[in-house]
Amino acid sequence: MLNSFSPQQTGVQVSVFHRLHFATYLQVSGMVIILYYMGRSPPTRSVDLVLHALNLAVEYKTINLVAREHLTPEFLKLNPLHTIPLIDDNGFILWESRAIMTYLVSKYGKDDSLYPKDLQQRAIVDQRLHYSNDVFYISKLAARELLLHKKKSIPAELLVKIREVQENVEKLLRGQEFMAGDSLTLADYSYVTLMDVLETVCPTENRCPLTSAWFLRCKTVMKDFVKVNENGASQLKELLKQQLDS
């Protein structure tokens, strides 16, 4: 299986000719997945982490949400709801990060460890994935307050919801090392790009030791975690901190 292809991530200087030639080769051979992507977006980083975990070749197409590139006619043809991430797998278009991750593992996973075939085990992973959508919604509200509405603090009622989410995630980790048990699953990939956002806008101050330990565990065991996640996460957290400190 070919490694993921991203000159921006590897830091290797690649000519436009060779980059396009390689991408064209992969598309013709059916071995590349196109990821419509923005590094600061937590869900896109979750999908990218899964792509790396599966050792899949990827062509990255950056969609700048600030520049409203997700509202262009070309992108709206792919996704009328104009959200990222979105993948193009040899002509099959799919958006929504949780749907993408389960699809990728179901199609390309060498085993079922990330998304178990056992119905009861899978149900627990699905349960956690569904709740992660609530976590994303709360983190999105917080980011909008600061970055879109230019608030200098998080409204009190939203802080209550953030703390509730943080406490709920802590509860889910009681008695186990990962979100859906004692082994890494897709549930962890969905949460790991979100919890540091909430920590930035609402520090837990040692209230959630299980969550802190889990995050470090994920950072250790997830393939290419720093390479895939650190840059985009740092950019987003820095923007949030700047607004809070202004």
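This is a predicted model: local features need pLDDT of at least 70, side-chain atom pairs count only at pLDDT 80 or more; totals for chains, interfaces and linings use all residues.
**Ground rules**

I number residues from 1 along each chain as its sequence is written, and I leave hydrogens and water out, with side-chain values taken from heavy atoms.

**Overall**

I looked up the secondary structure and found eleven helices and four strands. Helices (H or I, at least four residues) and strands (E, at least two) are DSSP runs, numbered from the N terminus.

I then checked burial: of the 246 residues in the protein, 44% are buried. Buried is under 20% relative accessible area, exposed is over 50%, and partly exposed lies in between, with a 1.4 Å probe and protein chains only.

The protein exposes about 12,900 Å², and carbon and sulfur atoms supply 54% of that area. The area comes from the Shrake-Rupley method with a 1.4 Å probe; for residues, only the protein chains shown count as cover.

For contacts (heavy atoms within 4.5 Å), I took those with a separation of 6 or more; residues 24 or more positions apart account for 70% of them.

**Cavity**

I searched the whole structure and got one cavity of 30 Å³ or more. On a 1 Å grid over the protein atoms alone, a cavity is a set of points where a 1.4 Å probe fits but cannot get out; a pocket is an open set with protein on both sides within 12 Å along at least five of seven lines; lining residues have an atom within 4 Å of a point. Points are joined across faces, edges and corners, and a volume is the space filled by probe spheres set on them.

The largest cavity has a volume of about 40 Å³. Its lining includes Pro42, Pro43, Ser46, Arg98, Phe136 and Thr193. Helix 3 (42-53) gives the most to this lining, with three residues, and helix 5 (97-108) supplies at least two. I sorted the lining of the largest cavity into four nonpolar, four polar and one charged residue. Nonpolar covers Ala, Val, Leu, Ile, Met, Phe, Trp, Tyr, Cys and Pro; charged covers Asp, Glu, Lys and Arg; the others, Gly among them, are polar.

**Thr193**

I picked Thr193 from the lining of the cavity. Why does Thr193 count as buried? Thr193 counts as buried because its relative accessibility is 0%. The side chain of Thr193 reaches the backbone oxygen of Pro42 at 3.0 Å. Leaving out residues up to four places away in sequence, Thr193 touches Pro42, Pro43, Arg45, Ser46, Leu49 and Asn229.

The largest pocket has a volume of about 1,200 Å³. It is lined by 33 residues, and Leu65, Phe136, Lys140, Ala143 and Arg144 are the closest to its centre. Helix 6 gives the most to this lining, with nine residues. By class, I noted 17 nonpolar, nine polar and seven charged residues in the lining of the largest pocket.

The second largest pocket holds about 350 Å³. Of its 18 lining residues, Met195, Asp196, Glu199, Phe215 and Lys237 lie nearest its centre. Helix 9 (195-201), helix 10 (209-221) and helix 11 each give two or more residues to the lining of the second largest pocket, and helix 11 gives the most, with seven.

How values were computed. A polar contact is a pair of N or O atoms within 3.5 Å; within protein, one must be able to donate a hydrogen and the other to accept it, and residues adjacent in sequence count only if both atoms are side-chain atoms.
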